Amino acid sequence: MKIPNLVDSVFLLIVCVLGLIMLSPFLISEGRTVVIFSSVLIVTTFTAIIYVSTRIDRMNRELEHKINDLNDEKKIVEGLLEQNSVIENTLSSLISLFVAPKDVDRAIGETLERAGRLCNSNCNYLVMLGMDENMFHISHKWSAAGIKERKAVCENLSESNFPWMMEQIRNNAYPLLLERSSLPKVASREKEVMLTRGVDCMVIIPTEVDGKVVGFISIENPGFHSKGYREQIPALRILSELTGMAIQHKSFLANLSLFKNLINESNDFIFVIDPRREVIIDVNETACNELGYSRDEFLSMGKERIERIFCGRFWEQDIRDICGNRFLDIDRNILRKDNSIAPVEMNVTFTTHENNSYALAIVRDVTKRKEVEEILRRTQERVELALRGADLGMWDWNIKTNELIYNDRWAEMLGYKPADIKPNFGSWKDLIHPEDLPGMMDNIELHLMDEIPSFESEFRMQDRSLSWRWILARGKLVEHDSSQGPLRLAGTTMDITERKQVEEELRKSNELKDLFTDIMRHDLLNPAGNVKGYSDLLLETEATDKQRFLMDGVRRNNDKLIEMIETAAKFAKLESVTDIQLEIMDIGAILRNVAGQFDQKLAERQMALEIRTEGTYHSFINPIAEEIFANFISNSIKYSPEGTSIIVEVIDSDCQWKVKITDQGEGIPDDLKVQVFDRFKRVHKKGVKGTGLGLAIVKRIVEIMDGEVGVEDNPMGQGSVFWVKFKKYDHNTEPQLSLNESDMDYIPDLPLRRQLILH
């Protein structure tokens with residue numbers, strides 16, 4: 001029986017006893033009214049007692065239900081308290097791992113394991129974003145024991161496979177529950193991946209560093225759903241914050257390690273000094289390795305030892321007051337452990353940290369630089385001596401600033417002192433002859449536009465005495481600006497006034513020589529022509545054999561004289577020719593044209609000329625090349641036995657065409673092969689016959705066409721092989737300079753002479 005019911009029964013018993021006691025006098029009494037009144041009173045009392053008892057009983061039942069509900073809630077609260085105690089213990093143990101963690105990776109791994117136990121999941125992992133071209137990078141992973149190994153949902157996939165999830169993560173950095181059965185239609189890709197990887201539910205916990213999402217923790221198949229997920233949100237957020245702290249700490253340690261490695265591997269010696277205590281508190285490995293001291297030795301040094309190593313005290317307050325918080329000492333020495341001295345430059349920075357002052361000294365060994373500077377100094381001296389010995393001026397023009405730097409000789413060429421000429425390009429231009437300035441500027445412009453490899457120009461400059469001196473300037477672009485535009489043009493100048501005077505005298509001398517040659521040719525050919533005419537007339541009129549023999553000798557010698565005059569005139573004119581215009585011509589066609597000119601002579605001597613050419617042999621030559629082939633064929637006819645043959649062929653010789661004329665004559669001794677092309681070289685009749693100018697003319701023509709010429713023995717027997725080489729035609733080849741107009745009349749009178757292009 002419950003306590004409230006027992007109280008009611010006792011109370012009812014007491015009331016009944018009292019009622020009987022009160023009713024007994026009336027029952028004994030004979031008055032009817034009294035008996036009725038007493039009965040009514042007793043009934044009323046009992047009715048009230050029954051009502052009150054029923055009401056109390058109902059209240060007792062309601063109280064009992066409330067007590068039961070409170071007991072149920074107490075059990076729930078006790079369960080929550082127990083669960084919170086587990087979460088609290090878990091978070092407390094995790095937080096202890098992140099207080100100055102020595103092993104961040106272990107702390108993150110422990111976090112994933114505790115999260116797995118807390119959420120009753122079978123696979124947790126940390127995904128880092130923004131790495132490997134938007135590929136998910138799983139840096140840490142935990143799997144429950146006894147769980148079959150499988151691929152995680154995010155493993156080997158990219159952000160493009162989870163568009164809806166990534167949008168949720170970046171727009172709301174809050175734990176996200178993904179239940180495959182309740183995902184929206186827009187998350188079809190996520191649903192498909194989860195189905196493929198066998199995951200029904202997963203929790204995504206974004207991880208932030210400095211307010212930016214850098215990754216997320218994925219908890220796969222947790223042991224709770226929507227309701228339990230909401231209860232775990234506070235704990236999950238704490239996990240997110242702890243992981244973010246770990247990632248940030250790991251990044252800091254990585255940066256710190258990188259910074260320390262860079263300092264240790266620096267080429268400079270780095271020292272941190274406490275000026276107040278005058279001790280070294282840190283030093284990099286380079287300083288230890290190069291100076292011969294260990295780190296412990298440096299850190300245990302007293303101020304006298306430090307002062308001896310640095311050859312002075314650079315950390316004193318007086319120096320700081322004078323030089324400020326930063327100064328550079330470019331001329332200092334440092335003492336190694338072996339007592340050798342190294343020249344150094346030292347960059348000192350004073351700083352304050354936590355009310356303590358420190359001096360950072362970055363010391364650079366400049367031994368090699370000093371050696372290079374010494375080499376450069378000696379080289380500069382040699383260059384100056386060479387320029388002085390070559391009588392060259394040096395100039396360096398900054399195109400952007402118009403500044404012109406030059407040496408003393410540049411100014412001395414014009415009779416000035418360096419201080420007399422302003423150091424700018426305009427001062428140079430002002431001294432140049434107005435007629436020569438446009439040409440010089442055009443040459444500079446062509447070089448700056450990269451159309452010619454270097455700048456070279458001859459012009460007149462006015463010297464101090466107002467006379468004009470010829471100057472040869474050469475230069476090259478030596479530096480570009482940041483946009484690859486021209487910046488610096490440097491070069492040399494040479495006074496060529498004397499050379500120009502000599503050239504002018506030589507030109508006048510050549511003109512006189514040419515005039516004399518023309519006069520001599522004209523004056524000699526006229527009487528020689530008369531002799532030839534009279535000889536022909538006498539041969540027709542005289543009848544005796546003796547007279548015919550004598551007149552034939554006169555005619556032959558007169559023809560020889562005419563040939564010598566013509567040949568000498570050709571050679572004299574060719575001597576003054578330096579450059580000719582080259583054209584694309586077929587060597588085979590030229591040979592066939594020349595061969596046709598000797599048909600009569602070949603018939604007279606019963607000789608055969610065999611031209612072994614097929615196809616075309618294009619080369620850059622000048623029509624004057626006909627003279628070469630005509631000379632070779634003429635000599636072969638003249639000095640070969642009657643009835644023999646002459647072979648002409650063209651051979652492919654790499655980048656050249658080699659033309660060979662082979663005869664069956666007497667041949668040329670080896671010791672005379674080099675001399676046959678020299679002017680006026682004749683030997684006895686067993687050697688080379690003729691005037692000695694024909695082959696000299698050939699050699700000269702070949703030289704001005706940049707070819708090669710020579711002679712060798714006939715490999716098939718008696719005779720010689722005269723050959724000449726010309727460059728093949730190439731699309732990248734350009735013609736050379738043309739003949740001077742005054743040289744036109746001196747080119748041999750050939751059928752194709754009119755094709756020459758003249759200046």
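Glu278 is buried, with a relative accessible area of 11%, where buried denotes under 20% relative accessible area, exposed over 50%, and partly exposed the range in between (1.4 Å probe, protein chains only). Residues are numbered from 1 along each chain as its sequence is written, and side-chain values rest on heavy atoms, with hydrogens and water left out.

Glu278 is placed in the loop between β6 (269-274) and β7 (279-283), helices (H or I, at least four residues) and strands (E, at least two) being DSSP runs numbered from the N terminus. The phi of Glu278 is near 55°, a positive value in a residue other than glycine. Most residues other than glycine have a negative phi. Leu466 likewise has a positive phi, of about 70°, although it is not a glycine; Leu466 lies in the loop between β13 (455-462) and β14 (468-480) and is exposed, with a relative accessible area of 59%.

A search of the whole structure finds 34 salt bridges, each defined as a side-chain nitrogen of Lys or Arg within 4 Å of a carboxyl oxygen of Asp or Glu. In one of these, Lys141 pairs with Glu155, the closest N and O atoms being 3.4 Å apart. Because Lys141 lies in strand β2 (residues 135-143) and Glu155 in the loop between β2 and α4 (163-171), the pair ties together parts that are 14 residues apart in sequence. Lys141 counts as partly exposed at 35% relative accessibility, and Glu155 counts as partly exposed at 23%.

Arg150 forms a salt bridge with Glu220, with the closest N and O atoms 2.6 Å apart. Since Arg150 belongs to the loop between β2 and α4 and Glu220 to strand β5 (residues 212-220), this pair ties together parts that are 70 residues apart in sequence. Arg150 is partly exposed, with a relative accessible area of 26%, whereas Glu220 counts as buried at 0% relative accessibility.

Glu503, at 38% relative accessibility, counts as partly exposed, as does Arg499 at 34%. Salt bridges that share partners also join Glu278, Lys303, Glu307, Arg313 and Glu316 into one network.

The largest nonpolar core has 40 residues, of which Ile587, Ile628, Phe629, Phe632, Met705 and Phe726 touch the most other members; such a core is a set of buried Ala, Val, Leu, Ile, Met, Phe, Trp, Tyr and Cys residues joined through side-chain atoms within 4.5 Å. At least two residues of this core are supplied by each of α17 (587-596), β18 (618-621), α19 (625-638), β19 (645-653), β20 (656-662), α20 (694-704) and β22 (720-727), and the largest share, seven residues, comes from α19. Leaving aside neighbours within four places in sequence, Phe726 is in contact (heavy atoms within 4.5 Å) with residues including Ile587, Ile628, Phe629, Trp657 and Met705. A second, separate core of 26 residues includes Phe298, Met346, Ala361 and Val363.

Helix α20 is mostly covered, nine of its eleven residues being buried; among them are Leu695, Ile697, Val698, Arg700 and Ile704. Just after α20, Asp706 takes a positive phi of about 60°.

The chain averages a pLDDT of 77, and 73% of the residues score at least 70, pLDDT being the predictor's confidence in each residue, from 0 to 100. Over residues 683-690 the pLDDT is below 50, and this stretch has twelve contacts in the model beyond near neighbours in sequence. Residues 733-759 also have a pLDDT below 50, with 63 contacts in the model beyond near neighbours in sequence. Where pLDDT is low, the predicted coordinates should not be read in detail.

How values were computed:
Predicted model: local features only at pLDDT ≥ 70, side-chain atom pairs only at ≥ 80, totals over all residues.
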